[in-house]
Amino acid sequence: MGILEVKNVGKRFGGLQALSDVNLSVAENTVHAIIGPNGAGKSTLLNCLVGKLIPDSGSVMFDGQSVLGRAPYEINQMGISRVFQTPEIFGDLTVLENMMIPCFARRDGAFELNALPSVGSQKDVMDQAMHMLEEMRMADKRHMHAAAMSRGDKRRLEIGMCLSQQPRLLLLDEPTAGMARADTNNTIDLLKQIKAERDITIAIIEHDMHVVFSLAERITVLAQGTPLVEDTPENIKGHPKVREAYLGESA
Amino acid sequence: MLGLDKKDTSLLIIVAILTLLAPFILNPFPAGSAMAQFNAGYPDLMQRFVIFGIFAIGFNILFGLTGYLSFGHAAFLGVGSYSAVWMFKLLSYNVIPAIALSVVVAALFSLLIGYVSLRRSGIYFSILTLAFAQMSFALAYSVLSNPKFNLTNGETGLQVYADDPQIFHRDSLPDMPHLFGLSMRSTYKLDIGAWSFDFNAGYYLCAVIMMVMFYLAIRIFRSPFGMMLRAVKSNQQRMNYTGLNPRPYTLAAFVISGMYAGLAGGLMAAMDPLAGAERMQWTASGEVVLMTILGGAGTLIGPVLGAGFIKYFENIFSKINDTILHQWFSFLPDGLEDFMVFIVHPFIGKGWHLTLGILFMLVVIFLPGGLVEGGQRLGKWIRNRGKGAAEAKTKHEPAE
């Protein structure tokens with residue numbers, strides 16, 4: 001039984017069957033990649049996991065509990081954090097404030113009217129945030145406006161923000177999209193380090209095969225809204241059906 | 001001091017000094033001199049400065065921090081005024097229960113309106129609040145004013161009549177709003193040479209309340225709650241996916257700013273025991289938006305500056321008439337004098353809104369951060385000029 005169990009999930013947008021009969025099981029403490037050509041339904045599937053979309057049929061269980069019908073913030077509080085394709089951070093706030101917000105969310109829950117003490121007096125949250133910034137090697141940038149940072153730094157910050165909530169499942173939506181090779185390699189190293197240092201399950205949607213084969217322990221190939229095959233990276237590489245669907249080669 | 005850092009403490013002290021010494025600062029010209037019409041240190045106007053300051057400080061907690069632009073905040077001001085006058089009618093002219101009830105009623109009212117309006121964001125939120133405010137105006141103006149159930153006294157406005165119960169009223173107490181016997185209208189006149197300064201009890205009550213409210217606003221701005229409100233403005237998507245529910249945060253900000261508005265409404269009634277429906281009209285809601293943007297949305301001192309600025313222009317510019325203009329331009333040849341008066345005429349008296357509109361346009365275009373940004377640029381410019389004249393030339397600011 002995996003930490004994330006997706007059973008018979010279907011989702012329809014008007015005339016388009018985006019997902020049909022998707023089954024997926026992500027085992028605890030593994031890195032599981034979901035790959036597939038454009039329009040295969042990868043992002044739709046991810047949106048169904050985090051509460052942005054509600055599937056028409058099927059079930060999504062996280063750690064034995066259904067996530068369906070819950071708001072995104074509730075699903076996050078259950079232990080699922082999501083990194084977006086384009087980094088979603090608080091651009092108007094400083095880097096330190098960005099890092100403090102998830103720490104507050106972890107300490108105080110979805111809402112807390114903490115309107116009189118100053119931010120500076122919240123030492124526990126401040127320490128946690130600084131600790132995570134140091135781990136992400138961006139402590140020296142803490143007073144910068146987050147929007148002013150480079151794409152790679154924004155990505156690191158976003159990953160750090162997700163980690164500071166200590167999620168059990170980290171979802172990454174094409175974390176290296178639009179990145180230069182060097183930044184991509186840095187991100188791979190960062191994710192490897194994260195995986196090595198803590199008990200965390202990572203599910204990653206990725207286009208870049210270099211990233212997928214560097215990180216993944218299991219790979220699910222999605223094509224036209226249905227899982228084609230699920231296997232280890234070694235077996236996927238040579239799988240004829242995958243080559244056909246993904247690379248457009250005839251088997 | 002008081003849980004604030006050094007910078008905020010000095011800001012609070014400056015505001016305290018300015019409000020306490022306002023009767024001096026606003027009356028720089030000797031009474032009876034030609035410039036005396038620019039004096040703003042009379043009780044009515046000073047009261048309005050601080051009351052609208054409170055209104056704008058509260059509005060800024062919602063608009064400046066979360067970016068939710070409410071076009072209906074005058075409804076809470078009006079509700080506050082009506083509640084206060086009802087307290088005068090039922091209990092006594094003491095302002096404490098009146099102000100307390102105005103805050104409570106405005107809080108409940110804003111909870112209701114906010115709960116519905118905050119289901120949408122952006123322009124739809126603004127339209128919803130506008131619709132609610134206009135409904136409240138209609139209710140106050142006609143619906144809730146009929147012989148069977150007269151809550152607002154319609155067009156005439158709600159006021160205190162001799163046959164009202166006023167159960168705690170004693171003959172020894174003044175027959176107008178008072179604070180435990182101290183009439184809000186009692187004014188001490190200080191004459192120094194040609195100058196005359198008014199120290200009004202009502203003004204000082206409002207000023208002290210404004211300082212407390214300003215202090216509270218600083219605390220809110222610097223708190224984790226304030227940071228969450230800025231996060232709402234910056235990226236709601238990330239907030240949702242960080243386990244935070246933006247809705248209660250925005251609703252709390254809405255209710256807090258509604259309470260500030262109710263307090264301002266209550267104080268208005270406490271200075272002059274009358275409440276009319278026009279206080280709730282959309283122009284009144286628009287005015288507080290102008291004040292906040294003109295002063296600098298999202299800054300601490302901006303809304304207070306904006307409120308003072310607009311109220312000053314409203315009262316001073318609208319009092320200038322053609323006779324005064326003729327005096328000013330009398331040094332010019334006759335034809336030219338009439339021509340100048342003709343040119344300036346549309347901008348004064350009832351036309352002061354035109355002046356305000358132009359000023360607002362200039363500020364929004366050249367100083368998007370409002371008067372506060374203007375002050376910062378001026379400060380920077382002066383500092384740079386000290387460094388060297390050549391450098392200053394390249395840093396010339398268009399709006400100065």
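## Two helices crossing in chain B

In this predicted model, helix 5 (residues 95-117) of chain B and helix 10 (residues 246-271) of chain B have axes that come within 7 Å and cross at roughly 145°. Here axes are lines fitted to C-alpha atoms, for helices over the stretch in contact, and angles run from 0 to 180 degrees between N-to-C directions. Helices (H or I, at least four residues) and strands (E, at least two) are DSSP runs, numbered from the N terminus.

## How the model is read

Residues are numbered from 1 along each chain as its sequence is written, while chains are lettered from A and ligands numbered from 1 in the order in which they are written. Because the model is predicted, local features need pLDDT of at least 70 and side-chain atom pairs count only at pLDDT 80 or more, whereas totals for chains, interfaces and linings use all residues.

## Chain A as a whole

Let's move to chain A, which has 9 helices and 10 strands. Its radius of gyration (taken over C-alpha atoms) is 19 Å, close to the 18 Å from the globule rule (2.2 Å times the number of residues to the power 0.38) for 251 residues, so chain A is as compact as a globular protein of that length. The C-alpha atoms of chain A fill a box of roughly 60 × 40 × 35 Å along the principal axes.

## The sheet of chain A

In chain A, 6 strands form an open, mixed sheet in the order 6-7-8-3-9-10; strands pair if DSSP finds at least two bridges between them. At its edges are strand 6 (80-83) and strand 10 (226-231) of chain A, each pairing on one side only. The twist averages 20° from one strand to the next.
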